[in-house]
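Here is a short tour of one protein model, taken pocket by pocket and strand by strand. Keep the viewer open as you read.

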Amino acid sequence: MLFTDQMVRAILEGRKTQTRRLVTASTSTVGGHTARSMWARLVWNGLERVDPGFPTGEAKDFDYQYLKVPYWEHDRAVPAAVSFHEWYAWDGTSWRVYSRVAPGGVLWVRETWQQLDDEHGTPLVAYRADNTTNLVGRNEDGRDYVFDAEPGGYELSKWKPSIFMPRWACRLELDVVSVRPERLHDISEEDAIAEGVWFDGIASGYCVEDPAPTVCHGSAVLAFQGLWDSINGDRAGASWFDNPWVWVIEFEPRRLDGKRIAGEVGDE
C-alpha cells in the first residue's frame, strides 16, 4: 500500500494507526468476486447503506462490515430517486461490496526509496521519509530482505517512486485490525488524530505538515481535510467536497528491520 513521506513518518512515530482509501473497483470486491467486471452496474445514487456484517461466530467467508449497493441488471434507464424498498419493487437488486483488505490481513508499506552501495560496496536501501538506510541480506531461498536500520545521511538527487518499491525492500508491515465503510465526512476528531494529524502546542492548532508546520487548524478534522485534498483533491469525485465512500482501515504497524515503532511497549 502506497504512503507519502509524511505518512510514513507518522507511522514510524506511532501517530498513525488508520488509513482511508477510496471505495473503487480496485479496492473492492462485489459479491465476493472481482469488482471490475460488475462495477459499471452498481448504482451510486444515495441508496447505498452500510451492513454490519454477520453475527460473531457465524461461519461466513466475510464477517466484517460491507456496503450494500443497488445493482441494475437491465439495460433500461435507472430511476433517478426512489427509496430502497421501491428499488426492489422496480425490479432492482443490490450487491455486497467488500474491501479487498480484510481484518487479519497484512499490508506492506511502499514508500519512496533508492538502492545503493556504501563506501565498502555493501548493498543498502535508503528511505527518503526519514533519511535512514537498511542493510540488504539474502535468505536461504535466495531472496533479498532488509535489516538493521541505521541513520542515512545520503544526499540523493534521484529517488525511486513508492509504486516501484519491491516487496523485499519493505521495512514496514501493517497488521489489519478492522475494516469498515463510511462517508469521508463521518470521520471523528479521534479518528483524524489516528490518521496522523497532530497537535502543535506552540501554534496551538492541529497540523499535518512536519517537522515544521506551516498551517495549523482549529480541529483535527479540518487538518485532515487539508491532508485528504492534498492527496485526492484532483481526482474526480474524490475530494472532501464530494464526500465519497471510503474504506477505513485500522492497523498495528510492525518494523521488519529490528527497530521499534515509537511508543511501542518496551520502547525506550
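## The largest pocket

β1 and α4 each supply at least two residues of the lining of the largest pocket. Helices (H or I, at least four residues) and strands (E, at least two) are DSSP runs, numbered from the N terminus. This is a predicted model: local features need pLDDT of at least 70, side-chain atom pairs count only at pLDDT 80 or more, and totals for chains, interfaces and linings use all residues. Residues are numbered from 1 along each chain as its sequence is written, and side-chain values use heavy atoms, with hydrogens and water left out.

With five residues, α4 gives the most to this lining. The largest pocket holds about 470 Å³ of space. Of the 20 residues that line it, Leu-2, Arg-20, Arg-21, Ile-231 and Asn-232 are the closest to its centre. A pocket here is an open set of points on a 1 Å grid over the protein atoms alone, where a 1.4 Å probe fits, with protein on both sides within 12 Å along at least five of seven lines; lining residues have an atom within 4 Å of a point. Grid points are joined across faces, edges and corners, and a volume is the space filled by probe spheres set on the points.

## The second largest pocket

About 250 Å³ of space lies in the second largest pocket. Its lining has 13 residues, and those closest to its centre are Val-23, Trp-44, Gly-237, Pro-244 and Trp-245.

## An enclosed helix

How many of the eight residues of helix α1 (residues 5-12) are buried? Eight of the eight are, so α1 is largely enclosed by the rest of the structure. Buried means under 20% relative accessible area, exposed over 50%, and partly exposed in between (1.4 Å probe, protein chains only). What covers the buried residues of α1 includes β12 (172-183), α4 (220-232) and β15 (245-255). Just after α1, Gly-14 takes a positive phi of about 75 degrees.

## β15 and its partners

Strand β15 is mostly covered, with eight of its eleven residues buried. It pairs in the antiparallel sense with β1 (residues 18-22) over five bridges, and Thr-19 has Ile-249 as its bridge partner in β15. β12 and β15 also pair in the antiparallel sense, over eleven bridges; there, Leu-172 is partnered by Arg-255. Two strands pair if DSSP finds at least two bridges between them.

## Positive phi beyond glycine

Asn-243, in the loop between α4 and β15, has a positive phi near 50 degrees and is buried at 18% relative accessible area. Asp-148, in strand β11 (residues 144-151), has a positive phi near 55 degrees and counts as partly exposed at 31% relative accessibility.

Notes
Contact means heavy atoms within 4.5 Å.
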